[in-house]
Amino acid sequence: MAQIELRSLTKSYKTGKVLKGVSLVAEQGEIVCVFGPSGVGKTVLLRLIAGVEELDAGAIFLEGRDVTDAPPETRGVGIAFQNFALFPHMTAFDNIGSALTAHGASASIIKAKVEKVAALLKITHVLSHLPRALSNGQKQRTALARALAADPKIVLLDDPLRNVDAKLRYEMRLELPSLLRASGATVLYVTQDYKEAMAIGDRIAVLVDGRFEQIAAPPAIYRGPASVSVARLFGDPSINLIPIKPKATKDGAVCEIGGATVSLAEIHAATPGRSLLLGLRPESLNVSDQQAPDSFPVEVMAVTPLNEKTVLLLRTHDGQEIFASEAGVENETRQPGPAFARFDATRALVFDEASGARIEGRA
């Protein structure tokens, strides 16, 4: 039985419609990351599920029960919102244990559960502090601990690592999935950081323009985004999108890039003459000083070493700027100037230029 089922949720404000028929099913113990840019309605979605906002249309089922019109306190969810919402007169310990206290748990059970989750979130040393004495990162982790302490079956997390420093954020990306899975809860985890979504989610639900554009496992979304909109949200640097019009030849489909003719994969042989966008992840481009079959001439405009990778800004002969990414800093001697780029045709993505939809059949 699905733990969370959303059926065509719609929500509008005076400024316009925020959610436009959002549907989602999350199974027991699953972590679903709701991902998208700022302002697309991710927090609104959580507030609707929690019952602190009212739906315009649609239905919400939690643990098989229709809670569309149920008050928040009867929905049985643990929540951690961006604004912390900590009780200012209560210590971190009492804030974390507040849900347990409300359910009448004994002092020994409250102590054990609070200390356990505090240790996992590395806030044991501030349990006696009031919220005003906590850093934003400590407040965020206290709110997260409170959401988890009562062992809820459903947990809603609104960007819980947003205010955490970089080192701890990286550590928590590694540790939080294990913590959440150990709890057995079904989790909706909101984030606008694609790396976080890919590290934490069993599936990612990509919210674009009020709708879920794609819901799939992280590798499937990265390798096969449903649309240009989704493709652009994943990757750093972002995906390269090159306008092309494939041609059919006796040797297969080809296209022109920067004045050179390059081969496309066999799966794109049915697209001659169409106005398409060729999607190339920066890491799928190989840059060399030597010309090779299916390579096209470029000018290396800038070389940016970033420790784990080196990013190259390239310009084709027809003026299009694209990025290439090379692992490590192996090319320390690379300098701006003429070069050749080529890509693995089987890793290329092709989108319809008019609709933005990906053309299926990628190998």
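**Stop 1**

Begin with the open sheet of five strands, whose order is 16-20-17-18-19 and whose pairing is antiparallel. Strand 16 (285-288) and strand 19 (321-327) are at the edges with a single partner strand each, so one side of each has no neighbour in the sheet. From one strand to the next the twist averages 45 degrees; axes here are lines fitted to C-alpha atoms, for helices over the stretch in contact, and angles run from 0 to 180 degrees between N-to-C directions. Strands (E, at least two residues) and helices (H or I, at least four) are DSSP runs, numbered from the N terminus. Two strands pair if DSSP finds at least two bridges between them.

This is a predicted model, in which local features need pLDDT of at least 70 and side-chain atom pairs count only at pLDDT 80 or more, while totals for chains, interfaces and linings use all residues. Residues are numbered from 1 along each chain as its sequence is written, and side-chain values use heavy atoms, with hydrogens and water left out.

Next select residues 296-305 and 309-316. These are strand 17 and strand 18, which run antiparallel and are joined by seven bridges. Look for Pro-305, which stands opposite Thr-310 in strand 18.

**Stop 2: Ser-288**

Select Ser-288, found in strand 16. Ser-288 is partly exposed, at a relative accessible area of 25% (buried is under 20%, exposed over 50%, partly exposed in between, with a 1.4 Å probe and protein chains only). Its side chain reaches the backbone nitrogen of Gln-290 at 3.0 Å. That is a polar contact: a pair of N or O atoms within 3.5 Å where, within protein, one must be able to donate a hydrogen and the other to accept it, and residues adjacent in sequence count only if both atoms are side-chain atoms. Leaving aside residues up to four places away in sequence, Ser-288 touches Ala-339 and Phe-340; contact means heavy atoms within 4.5 Å.

**Stop 3: Asp-352**

Move to strand 21 (residues 349-352), where Asp-352 lies. Is Asp-352 buried or exposed? Its relative accessibility is 17%, so Asp-352 counts as buried. The side chains of Asp-352 and Arg-274 are joined by a polar contact of 3.1 Å. The Asp-352 side chain also reaches the backbone nitrogen of Ser-355, at 2.8 Å. Beyond four places in sequence, the residues that Asp-352 touches include Arg-274, Leu-276 and Ile-359.

**Stop 4: three rings**

Select Phe-35, Tyr-194 and Phe-234, which form one aromatic cluster. Rings of Phe, Tyr and Trp (its six-membered ring) pair if their centres lie within 6.5 Å; planes under 30 degrees apart count as stacked, over 60 as edge-to-face and the rest as tilted. Two aromatic pairs are counted by this rule.

Phe-35 and Phe-234 make a tilted pair, 4.9 Å centre to centre with 55 degrees between the planes. Phe-35 lies in strand 3 (residues 31-35) and Phe-234 in the loop between helix 9 (228-233) and strand 11 (240-244), so this pair ties together parts 199 residues apart in sequence. Tyr-194 and Phe-234 have ring centres 6.0 Å apart and planes at 70 degrees, so that pair is edge-to-face. Tyr-194 is in helix 7 (residues 194-200), 40 residues from Phe-234. Phe-234 is buried at 0% relative accessibility, and Tyr-194 is buried at 16%.

**Stop 5: charges over rings**

Finally, select Arg-281 and Tyr-222: the charged end of Arg-281 sits over the Tyr-222 ring, 4.2 Å from its centre. This requires NZ of Lys or CZ of Arg within 6 Å of the ring centre and within 35 degrees of the ring normal. Likewise, the charged end of Arg-47 sits over the ring of Phe-81, 5.9 Å from its centre.
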